[in-house]
Amino acid sequence: IEILNDIGECIIKPTLDSSSGDSVHLFNFKEGIDFNSGKTVAEIFEGYNQDFIVQERIIPSSKMSELYPHSVNTLRIITYLIDDHVDHAPVTLSMGRAGNHVDNIQAGGVSVAVSDEGELSREGYTHFQEVYHYHPDTGTVFEDLKLSKVPEVIRAAKEMHEKTPHMRIISWDFTIDSNEEIVLLEINLFGQSVWFPQMVSGKPIFGDNTEKMMRLSK
């Protein structure tokens with residue numbers, strides 16, 4: 001509590017059993033009070049009870065901010081073990097909208113497919129299958145944008161999965177920060193929402209490996 005008294009902006013979120021941006025909040029502490037809610041640090045801690053973490057606020061890269069500046073905007077990389085190597089599903093980028101600080105599609109965000117080279121697809125989708133060719137808040141056209149570091153992000157996810165082979169499938173959430181550094185935000189080990197990468201990309205989650213993965217899952 002003492003450390004956070006004058007920390008300024010930070011993120012507090014649950015570390016277990018959370019999804020879709022649930023209970024992920026941006027706080028701004030000055031003299032022990034959150035500028036946004038008027039609550040003390042102690043009162044906010046009581047609301048989370050246990051199994052939560054405090055993190056610095058990440059400032060996204062200029063390209064990420066151009067799309068939408070009020071959330072981090074995350075790349076979802078789903079990796080899975082097949083035969084003797086790690087493969088990955090279609091990559092998606094999720095963005096917040098309407099002033100929201102979380103970017104999850106289930107929380108009202110917009111998601112768009114991203115090629116392995118970082119090129120954004122023509123169309124983005126919401127949870128309600130609304131279709132956009134540009135971000136509804138900023139007007140940034142998806143098809144005109146290419147994100148840096150996406151090949152490196154994919155490689156990082158695969159290398160980390162090789163170190164955790166006891167997990168057959170992992171969903172990784174990454175972003176690129178204002179220093180063009182790759183940041184791993186979190187990993188998801190179950191309930192991984194494979195429906196939205198398929199909906200957004202129009203491709204099966206396991207691609208050419210679909211038949212083999214179906215046999216393995218029996």
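This is a predicted model: local features need pLDDT of at least 70, side-chain atom pairs count only at pLDDT 80 or more; totals for chains, interfaces and linings use all residues.
**Strands, a buried serine and a pocket**

Me: Which residue is the bridge partner of Glu9?

Reply: Asn28, in β2.

Me: What sheet do those strands belong to?

Reply: An open sheet of four strands, ordered β3-β2-β1-β4, with antiparallel pairing. β3 (33-34) and β4 (52-56) are at the edges; each has a single partner strand, so one side of each has no neighbour in the sheet.

Me: Switching to β8 and β9. Parallel or antiparallel?

Reply: Antiparallel, over three bridges. Val114 stands opposite Leu120 of β9.

Me: What about the turn there?

Reply: The hairpin of β8 and β9 has five residues between the strands, and Gly118 takes a positive phi near 100°.

Me: And what does β9 pair with on the β10 side, and over how many bridges?

Reply: Strand β10 (residues 131-132) is joined to β9 by two bridges, and the two run antiparallel. Tyr125 has Val131 in β10 as its bridge partner. That hairpin also has five residues between its strands, and here Gln129 takes a positive phi near 60°.

Me: Which strands supply at least two residues of the lining?

Reply: β6 (85-88), β8 (110-114) and β9 (120-125) each do.

Me: How does the lining split by class?

Reply: 10 nonpolar, six polar and five charged residues.

Me: Last topic, Ser94. Where is it?

Reply: Ser94 is in strand β7 (residues 91-95).

Me: Is Ser94 buried or exposed?

Reply: Buried, because its relative accessible area is 5%, and the cut-off for buried is under 20%.

Me: What does the side chain of Ser94 make a polar contact with?

Reply: With the side chain of Ser111, at 2.8 Å.

Me: Which residues does Ser94 touch, leaving out those up to four places away in sequence?

Reply: Asn73, Thr74, Asp103, Val110, Ser111 and Phe196.

How values were computed. Residues are numbered from 1 along each chain as its sequence is written. Side-chain values use heavy atoms; hydrogens and water are left out. Ala, Val, Leu, Ile, Met, Phe, Trp, Tyr, Cys and Pro count as nonpolar, Asp, Glu, Lys and Arg as charged, and the others, Gly among them, as polar. Buried means under 20% relative accessible area, exposed over 50%, partly exposed in between (1.4 Å probe, protein chains only). A polar contact is a pair of N or O atoms within 3.5 Å; within protein, one must be able to donate a hydrogen and the other to accept it, and residues adjacent in sequence count only if both atoms are side-chain atoms. Contact means heavy atoms within 4.5 Å. Two strands pair if DSSP finds at least two bridges between them.
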